[in-house]
Amino acid sequence: MLIQTLTPATRTPLLALAKRIADAGCNLSDARVSTIGADTSLTLLASGAWDAVAKLETALTKLAREEELRLTHYRTSLREPSGHLLPYLVEVVSSDRPGILVKIVDFFSRHDISVEQLSSMRYQAMQTGAAMFQAQFTIGVPDKLHIAALRDDFLEFCDGLNLDAIMDPVKF
C-alpha cells in the first residue's frame, strides 16, 4: 500500500504512521521523507498479507480523520525488476536560471532513460552570493545504450548549457 501525506514540518506524522503500519501487522518496505520549505512530505510503502493491508486501510482512514491530515493511500503492487536498466548517478551544478531542470529531464527522456530519483534545490553560494542550482539524479540507463557515447553526449549537452556535471555508475 502506498501512503502519502504532506504536513507542516512541526507536526510530521511519521511516527504515528509507522506505528499504525506495525500495529496492522504490515511491514514498512520503503520510506521517503523530505522537508521542503515549511512542510514535510512522506511517501511510505507498506506491505503485508491481504487482511493486514485491509486493517491498515481502516487505521489510516481513522488517523487522517482524527489528526486532520491530508493523507492519500491506495493499494499498489511491487515494481517489476527491470534488469535491463543500469543505475547511474548524475550530479549537476550551475548558476541558477529558469528551465535547467526541464532541459536535463528532456535530455534523459529523448534517450529513453528513466529518472528513478531526483533531488534538486536552489541555494545561494556562501562565497559569492551567486544564485546556484544543484540536482542529483538516479537514472536507469537501458543496457543497449553505449555508455561511453551516452556520457559524451550528456557532458557535451551540459557544456553547451554551461552546467558542471558528472555521470557515474551506482556502486552498491
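I'll start with a contact: the side chains of Asp 30 and Arg 32 meet in a salt bridge, at 3.1 Å from N to O. By salt bridge I mean a side-chain nitrogen of Lys or Arg within 4 Å of a carboxyl oxygen of Asp or Glu.

Before going on, the ground rules. This is a predicted model, where local features need pLDDT of at least 70 and side-chain atom pairs count only at pLDDT 80 or more, while totals for chains, interfaces and linings use all residues. Residues are numbered from 1 along each chain as its sequence is written, and side-chain values use heavy atoms, with hydrogens and water left out.

Back to that pair. Asp 30 counts as partly exposed at 32% relative accessibility, and Arg 32 counts as partly exposed at 42%. The classes are: buried under 20% relative accessible area, exposed over 50%, partly exposed in between, with a 1.4 Å probe and protein chains only.

How many salt bridges does a search of the whole structure find? Five. I will show two others.

One is formed by the side chains of Arg 75 and Glu 57, at 2.9 Å from N to O. This pair links distant parts of the chain: Arg 75 sits in the loop between strand 4 and strand 5 (85-95), Glu 57 sits in helix 2, and the two are 18 residues apart. Helices and strands here are DSSP runs, H or I with at least four residues for helices and E with at least two for strands, numbered from the N terminus. Arg 75 is partly exposed at 48% relative accessibility, and Glu 57 is partly exposed with a relative accessible area of 23%.

The other joins Lys 62 to Glu 66, with the closest N and O atoms 3.9 Å apart. Why are these two residues separated by about one helical turn? Because they are four residues apart in helix 2. Lys 62 has a relative accessible area of 44%, which is partly exposed, and Glu 66 is partly exposed at 46%.

As a reminder, strands of a sheet pair through backbone hydrogen bonds, either parallel or antiparallel. In my count, two strands pair if DSSP finds at least two bridges between them. Strand 2 and strand 3 (residues 39-47) run antiparallel and are joined by nine bridges. Within strand 3, Ser 41 is the residue that stands opposite Ser 34.

Strand 1 covers residues 2-8, and Leu 2 lies in it. Leu 2 is buried, with a relative accessible area of 17%. From Leu 2 to Ser 82 the separation is 80 residues in sequence and 20 Å in space, C-alpha to C-alpha.

Now the backbone, for anyone checking torsions. Glu 68 has a positive phi of about 50° although it is not a glycine. It lies in the loop between helix 2 (50-67) and strand 4 (71-74). At 68% relative accessibility, Glu 68 counts as exposed. Asp 112 is another non-glycine residue with positive phi, near 55°. Asp 112 is in the loop between helix 3 (100-110) and strand 6 (114-124), and at 57% relative accessibility it counts as exposed.

On the surface, Val 105, Val 115 and Leu 118 form a nonpolar patch with about 200 Å² of accessible area together. Patches are made of residues with over 30% relative accessible area and no salt bridge, joining like charges within 9 Å and nonpolar side chains (Val, Leu, Ile, Met, Phe, Trp, Tyr) within 5 Å. Accessible areas come from the Shrake-Rupley method with a 1.4 Å probe; for residues, only the protein chains shown count as cover. Leu 118 is in strand 6 and is partly exposed at 41% relative accessibility.

Last, the cysteines. A disulfide is a pair of cysteine sulfur atoms within 2.5 Å, and by this rule the count is zero. Are Cys 26 and Cys 158 buried or exposed? Cys 26 is buried, with a relative accessible area of 7%, and Cys 158 is buried at 1%.
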